[in-house]
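Let us walk through this structure one contact at a time. Start with the charged side chains, then move to helices and strands.

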Amino acid sequence: MEIVIIGGGFAGLNLAKELLDQKGINVTLVDKNNYNFFPPLIYQVATAFLEPSSISYPFRKFFAGKKNLQFRLGELRKVIPEENKIILHNGELHYDHLVFATGAETSYFGMENVKKNAIPMKTLNDAIEMRNTILKNLEKAAICKDIRKRRKLLTIVVAGGGPTGVEVSGMFAEMRKNIFLKEYPELNTTASNIYLIDGGDALLAPMSKASQEDTYKALSELGVVIKLNTRVIDYKDDTVFFSDGKTLETKNLIWAAGVTAKIFEGIPAESYGRGKRMSTDTFNKVLGTQNIYAIGDTCIQLTDENFPQGHPQVAQVAIQQGLNLAANFKMMNQNKLLLPFKYNDKGSMAIIGKNKAVVDLPSPKWHFNGFFAWLIWLFIHLVSLITYRNRITTFINWMIAYFSKDQSFRMIIRPNKNKTSTTDEPTC
């Protein structure tokens, strides 16, 4: 049985791992990156509290010595279902079963200026670009004599009040308090505001009311300016335009406001549902196809009675669907009945700052906040990293950051795009 998996995130990698050493099953995982990374912690890379290697690991290193698992670096161009074949940018592959585990990408809701000028927060590349941008703007502000321009360089606007928006806002607030004024004494006389914007009436909308209120209070105490029932509708000429008619000047608009799935050539248009997600049956088979499956953020499944509008696009859904589909491939190989997917909601959480987090557990309905919730968040995210090496290095970096209130990863490192220039001096 030749199984091709497109995408090596939570869903794809857990599916591949579960099929390790299965007789009669051969797996090829295709990804446009040669590494797996842990999305819940990319904001810590973006704010220079973790190195990229702490939350990422090469696929080939992970697959080394695993005889029935192969990796292919490639980007999907087209599916030809009638030939059981996919076309990559660098070749083609044949399959018996094709699995889409391609996750989601940033959605800008059709706002081209925002897409062009905002800083996304979805991939490891985005995180590194955001780190470089923020650090370069701090260096520019340090030598800028124009107060208005300096304030624009220091103002940070975060669009999106979900976990990513909350966590990155809290991290910047902690950095402003413990790092920026100490390392940039030139900025002591200039205010640096952090704004968190959301179109709904509460932060962390899917979580409990208690978590929403705790988060609002904790961020406000950290000095984050929260604007609810407000949407970003444009961003041009270093000015953010809001739905309430107000504007704000900034060089730093961080976009964490929405995601959308991807559309692939060869998959019937009628197979897509809301948010461009592939509609699947209870076994995660894409509707309108014979041997194509979708798991994780890229699919929407309306057959789970507890989630009639589809499952949330979170890591646990992706992991559980990957494991369930792996079990079903084993069943197919043995001509046994397949297992329908049913999501087991294990709860949700978000970190706000040092010693501050919120945790909701569904059964029983428990809510935690403060230091204990913070410890739960640390533990869950630590054990969820892919290898022991990632866990150890992340734990060490967290301990250093906790006791020192600092890290030493604030280097501006990027490829030299202009080969004729050896410098990139900050200017005001």
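The side chains of Asp-238 and Lys-152 form a salt bridge, with 3.9 Å from N to O. The term salt bridge here means a side-chain nitrogen of Lys or Arg within 4 Å of a carboxyl oxygen of Asp or Glu. Asp-238 sits in the loop between β15 (232-236) and β16 (239-242), and Lys-152 sits in helix α6 (residues 147-154), so the pair ties together parts that are 86 residues apart in sequence. Helices (H or I, at least four residues) and strands (E, at least two) are DSSP runs, numbered from the N terminus. Asp-238 is partly exposed at 22% relative accessibility. Lys-152 is buried, at 15%. Those words have cut-offs: buried is under 20% relative accessible area, exposed is over 50%, and partly exposed lies in between (1.4 Å probe, protein chains only).

Some ground rules apply throughout. This is a predicted model, where local features need pLDDT of at least 70, side-chain atom pairs count only at pLDDT 80 or more, and totals for chains, interfaces and linings use all residues. Residues are numbered from 1 along each chain as its sequence is written, and side-chain values use heavy atoms, with hydrogens and water left out.

How many salt bridges are there by this rule? The count comes to 13. One of them joins Glu-213 and Lys-209 at 3.7 Å, N to O. These two residues are 4 apart in helix α8 (residues 209-221), a separation of about one helical turn. Glu-213 is partly exposed, with a relative accessible area of 47%. Lys-209 is exposed at 60%.

Lys-342 pairs with Glu-305 in another salt bridge, the closest N and O atoms being 3.6 Å apart. Lys-342 lies in the loop between α9 (315-333) and β23 (348-353), and Glu-305 lies in the loop between β22 (299-301) and α9, so this bridge ties together parts that are 37 residues apart in sequence. Lys-342 is partly exposed at 46%, whereas Glu-305 is exposed at 65%. Elsewhere, salt bridges that share partners link Glu-83, Lys-85 and Glu-92 into one network.

Strand β6 (residues 76-80) runs antiparallel to strand β7 (residues 85-88), and 4 bridges join them. Two strands count as paired if DSSP finds at least two bridges between them. Lys-85 of β7 stands opposite Ile-80. The hairpin of β6 and β7 has 4 residues between the strands, and Asn-84 takes a positive phi near 50°.

The flanking strands β15 and β16 pair in the antiparallel sense over 4 bridges. Tyr-235 has Val-240 in β16 as its bridge partner. This hairpin has 2 residues between the strands, and Asp-237 takes a positive phi near 55°. β16 also pairs with strand β17 (residues 247-249), antiparallel again, over 3 bridges. Phe-241 is partnered by Thr-247 in β17. Between β16 and β17 the hairpin has 4 residues, and Gly-245 in the turn has a positive phi of about 90°.

Next come the helices. Two packed helices are described by the angle between their axes and the distance between the axes. Helix α1 (residues 10-18) packs with α9 at about 30°, with the axes 8 Å apart. Axes are lines fitted to C-alpha atoms, for helices over the stretch in contact, and angles run from 0 to 180 degrees between N-to-C directions. From α1, the contact uses Phe-10, Ala-11, Asn-14, Leu-15 and Glu-18. The α9 side includes Ala-315, Ile-319, Gly-322 and Phe-329. Contact means heavy atoms within 4.5 Å.

β23 is joined to strand β24 (residues 356-361) by 5 bridges. Ser-348 has Asp-360 in β24 as its bridge partner.
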